Amino acid sequence: MLEQYRIQINYKTRERQILNALLALTTGCLTLIYPNFLYLIAGGYLVALGLLFIAFRISPTLSAIPIVAGILIFIFPELIPVTFAAFLGLFGFILLFGFQFSIVGVLTLIIALLIVANPDSVAYLIATFLLIYSVSNLIRFYQDWQDHKLQ
């Protein structure tokens, strides 16, 4: 039996876009301020991201991925580098091919590889990803807002 999944998200609501950016920005700042609490911050971010996906009716499969990764981080904090790198790898491919955030997708994949190569710097690499992702989302939100304002 063959099952195919197709994740297609063409339209981002403004609310989802701004909430996603603010969640990533807040989590990135918390990660830089409190790197010793990385398992709580990263696990909480992933679970909150999954719940945000559920709230905005994203595919259940896509919504489950960050929730499962967050729960794994809460249960096994020593697996943060592997779990978050796997999540970033998958998320990077989705960004690269699905959302057409090609630059952010490539950067996400590079950060995932850097986490695997250097797990001691995982807090700072996660913070880097979150800050890049949030700033790119805020820039895209501003550009969309300007485009809609001109129309």
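## Overall fold

The protein has six helices and zero strands. From the N terminus on, the order of elements is α-α-α-α-α-α. The protein has 151 residues, and 40% of them count as buried. Among contacts with a separation of 6 or more, 63% come from residues 24 or more positions apart.

## Helices α2 and α3

Helix α2 covers residues 38-55, and helix α3 covers residues 60-75. Their axes come within 7 Å and cross at roughly 160°. An angle over 145 degrees counts as roughly antiparallel, and α2 and α3 are therefore roughly antiparallel to each other. The crossing of α2 past α3 is left-handed.

From α2, the contact draws on Y39, L40, A42, G43, G44, L46, V47, L49, G50, L51, F53 and I54. From α3, it draws on L62, S63, P66, I67, A69, G70, I71, I73 and F74. By type, the residues of this contact divide into 16 nonpolar, five polar and no charged.

The loop between α2 and α3 contains R57. What is the phi of R57? It is positive, about 55°, although R57 is not a glycine. Most residues other than glycine have a negative phi. R57 is exposed, because its relative accessible area of 77% is over the 50% cut-off.

## The aromatic cluster

The structure holds six aromatic pairs. One of them joins F91 and Y133 in an edge-to-face arrangement, with 5.4 Å centre to centre and 75° between the planes. F91 sits in helix α4 (residues 80-99) and Y133 in helix α6 (residues 122-150), so this pair ties together parts that are 42 residues apart in sequence.

Y133 also pairs with F129. Is that pair stacked or edge-to-face? F129 and Y133 are stacked, at 5.7 Å centre to centre and 15° between the planes. Why are F129 and Y133 about one helical turn apart? They are separated by that much because they are four residues apart in helix α6.

F91 counts as buried at 7% relative accessibility. Y133 counts as buried at 2%, and F129 counts as buried at 2%. Ring pairs link F84, F87, F91, F129 and Y133 into a cluster.

## Along helix α6

I126 is found in helix α6. I126 counts as buried, with 1% relative accessibility. Leaving out residues up to four places away in sequence, I126 touches L38, I80, F84 and I115. One of these, F84, is also a member of the aromatic cluster.

S134 is in helix α6 as well. Its relative accessibility is 0%, so S134 counts as buried. Which residues does S134 contact, leaving aside its neighbours within four places in sequence? They are A21, A24 and L25.

V135 also has its place in helix α6. Is V135 buried or partly exposed? V135 counts as partly exposed, at 42% relative accessibility.

D120 belongs to the loop between α5 (102-117) and α6. D120 is exposed, with a relative accessible area of 74%.

| Pair | Separation in sequence | C-alpha to C-alpha distance |
|---|---|---|
| V135 and L22 | 113 residues | 9.2 Å |
| D120 and P81 | 39 residues | 8.5 Å |
| I126 and L88 | 38 residues | 9.2 Å |

V135 and I126 belong to helix α6, whereas D120 lies in the loop between α5 and α6.

## Recap

The model is predicted and has six helices and zero strands. Helices α2 and α3 are roughly antiparallel, and their contact includes no charged residues.

Definitions and conventions: Residues are numbered from 1 along each chain as its sequence is written. This is a predicted model: local features need pLDDT of at least 70, side-chain atom pairs count only at pLDDT 80 or more; totals for chains, interfaces and linings use all residues. Side-chain values use heavy atoms; hydrogens and water are left out. Rings of Phe, Tyr and Trp (its six-membered ring) pair if their centres lie within 6.5 Å; planes under 30 degrees apart count as stacked, over 60 as edge-to-face and the rest as tilted. Helices (H or I, at least four residues) and strands (E, at least two) are DSSP runs, numbered from the N terminus. Buried means under 20% relative accessible area, exposed over 50%, partly exposed in between (1.4 Å probe, protein chains only). Contact means heavy atoms within 4.5 Å. Axes are lines fitted to C-alpha atoms, for helices over the stretch in contact, and angles run from 0 to 180 degrees between N-to-C directions. Angles under 35 degrees count as roughly parallel, over 145 as roughly antiparallel, 65 to 115 as roughly perpendicular and the rest as oblique. A crossing is left-handed if the near helix is turned anticlockwise from the far one by less than a right angle, and right-handed if clockwise. Ala, Val, Leu, Ile, Met, Phe, Trp, Tyr, Cys and Pro count as nonpolar, Asp, Glu, Lys and Arg as charged, and the others, Gly among them, as polar.
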